[in-house]
Amino acid sequence: MIAIRRAPMMFGVGLVYAYRYTLGLLVRPGTCKYHPTCSQYAIDALHKHGLVKGSAKAGWRLLRCNPWSAGGVDHA
């Protein structure tokens with residue numbers, strides 16, 4: 001029963017890992033302004049908040065990642 005409830009969240013985490021090992025390889029290391037990186041933030045948010053709220057938090061983080069943001073430490 002627990003595995004069925006966690007399946008959507010694990011699907012979202014799988015998508016983030018798929019990004020990391022495909023398109024994420026095109027991003028130069030050390031270019032992220034935030035700590036942890038956006039992909040790690042997304043994984044943490046998905047684990048902590050579930051698929052819907054975790055995806056919303058990760059999307060908001062991606063919107064804040066722009067040339068005008070100060071960056072810094074931002075935990076899920």
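Leaving aside neighbours within four places in sequence, which residues is A45 in contact with? The legends below take up this point after an overview.

**Figure 1. Overview of the predicted model.** This is a predicted model, in which local features need pLDDT of at least 70 and side-chain atom pairs count only at pLDDT 80 or more, while totals for chains, interfaces and linings use all residues. Residues are numbered from 1 along each chain as its sequence is written, and side-chain values use heavy atoms, with hydrogens and water left out. The protein has three helices and two strands. Helices (H or I, at least four residues) and strands (E, at least two) are DSSP runs, numbered from the N terminus. Along the sequence the pattern reads α-β-α-α-β. The C-alpha atoms fill a box of roughly 45 × 25 × 15 Å along the principal axes. The protein exposes about 5500 Å². Carbon and sulfur atoms supply 67% of that area. Accessible areas come from the Shrake-Rupley method with a 1.4 Å probe; for residues, only the protein chains shown count as cover. Of the 76 residues, 25% count as buried. Buried means under 20% relative accessible area, exposed means over 50%, and partly exposed lies in between (1.4 Å probe, protein chains only). Among contacts between residues at least 6 apart in sequence, 67% join residues at least 24 apart. Contact means heavy atoms within 4.5 Å.

**Figure 2. Surroundings of A45.** A45 sits in helix α2 (residues 38-49). Its relative accessible area is 0%, so A45 is buried. Beyond its neighbours within four places in sequence, A45 is in contact with G50, G54, K57 and A76. A45 and G59 are 14 residues apart in sequence. Their C-alpha atoms are 10 Å apart in space.

**Figure 3. The largest nonpolar core.** Seven residues form this core: M9, V13, V16, A42, I43, L46 and A58. Helices α1 and α2 each supply at least two of its residues. A nonpolar core is a set of buried Ala, Val, Leu, Ile, Met, Phe, Trp, Tyr and Cys residues joined through side-chain atoms within 4.5 Å. I43 touches V13, V16, Y17 and R20, not counting residues up to four places away in sequence.

**Figure 4. The aromatic pair Y17 and Y21.** The structure holds one aromatic pair. The ring centres of Y17 and Y21 are 6.3 Å apart and the planes meet at 10°, so the pair is stacked. Rings of Phe, Tyr and Trp (its six-membered ring) pair if their centres lie within 6.5 Å; planes under 30 degrees apart count as stacked, over 60 as edge-to-face and the rest as tilted. Y17 counts as partly exposed because its relative accessibility is 34%. Y21 counts as exposed, at 59% relative accessibility.

**Figure 5. A nonpolar surface patch.** Y19, L23, L26 and V27 make a nonpolar surface patch of about 420 Å². Patches are made of residues with over 30% relative accessible area and no salt bridge: like charges are joined within 9 Å, nonpolar side chains (Val, Leu, Ile, Met, Phe, Trp, Tyr) within 5 Å. V27 lies in the loop between α1 (2-20) and β1 (34-35). At 42% relative accessibility, V27 is partly exposed.

Figure 6. Side chains of opposite charge can pair when their charged atoms come close. A salt bridge is a side-chain nitrogen of Lys or Arg within 4 Å of a carboxyl oxygen of Asp or Glu. The count comes to two salt bridges. One joins the side chains of R61 and D74 (3.7 Å, N to O). This pair links distant parts of the chain, 13 residues apart: R61 is in helix α3 (residues 51-64), and D74 is in the segment after β2 (72-73). The other joins the side chains of D74 and R64 (2.8 Å, N to O). R64 lies in helix α3 and D74 in the segment after β2, so this pair ties together parts 10 residues apart in sequence. R61 is buried at 0% relative accessibility. D74 is buried too, with a relative accessible area of 15%. R64 is partly exposed, at 23%.

**Figure 7. The cis peptide bond at P36.** The peptide bond from H35 to P36 is cis, with omega near 0°. P36 is found in the loop between β1 and α2.
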